[in-house]
Amino acid sequence: MKKALLEDLALLILRVGSGAMILTHGYPKLMRLIGDEPIKFLDLLGIGSTASLALATFAEFFCGILLILGFKTRLATIPLMITMLTAAFVAHAADPFGRKELPLLYFIVFLFILIFGAGKFSLDALGKKSLL
């Protein structure tokens, strides 16, 4: 297999895998946001609980879907990275490193995708040229 093909396959796996995993955090937030219960969410940025939850939901759910599809991929990683840094250093500021580890790991993955892009197997690449 050619090196470029392997790199694009690796980007596909990383994108889809991390996007699917972040959805497991975003979907419950979406249900909480649209549900009937009063919103209880940390107001980490001083913008209100509902707005904070909406921003986290946008990143973890909607940007997660964009990541899986490989659509506007680099742009979609930015809210995800901001959310992960907020989780690590604001929401879990007083917690031990073990609580910061997962959001920091996600941050590194999203940073990698920001730098290298979606790869050939993505909607971003569809308009540029043939997938094979």
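1. A residue can join a patch if it has over 30% relative accessible area and no salt bridge, and nonpolar side chains are joined within 5 Å. The model discussed here is predicted. On its surface, a nonpolar patch is formed by Leu 42, Leu 44, Leu 45, Ile 47, Leu 55, Leu 85, Phe 89 and Val 90. Together these residues have about 700 Å² of accessible area.

2. Turning to the aromatic rings, four aromatic pairs are found when the whole structure is searched. One of them is the stacked pair of Tyr 106 and Phe 110, with 5.7 Å centre to centre and 15° between the planes. Both residues belong to helix H4 (residues 97-116), where they lie four residues apart, about one turn of the helix. Tyr 106 and Phe 110 are both buried.

3. Phe 112 and Phe 116 form a tilted aromatic pair, at 4.6 Å centre to centre and 35° between the planes. Because they are four residues apart in helix H4, about one helical turn separates Phe 112 from Phe 116. Phe 112 has a relative accessible area of 39% and is therefore partly exposed, whereas Tyr 106 and Phe 110 are buried.

4. A further group of rings deserves mention. Tyr 27, Phe 61 and Phe 62 are linked into a cluster by ring pairs.

Terms used:
Residues numbered from 1 in each chain as written. Predicted model: local features only at pLDDT ≥ 70, side-chain atom pairs only at ≥ 80, totals over all residues. Heavy atoms only, no water. Patch = residues over 30% accessible without salt bridge, like charges linked within 9 Å, V, L, I, M, F, W, Y side chains within 5 Å. Areas by Shrake-Rupley, 256 points an atom, 1.4 Å probe, with all protein chains shown as cover. Salt bridge = Lys/Arg side-chain N within 4 Å of Asp/Glu carboxyl O. Phe/Tyr/Trp six-rings, centres within 6.5 Å; stacked < 30°, edge-to-face > 60°. Helix = DSSP H or I, 4+ residues; strand = E, 2+ residues; numbered from the N terminus. Buried < 20%, exposed > 50% of the residue type's maximum accessible area, 1.4 Å probe, protein only.
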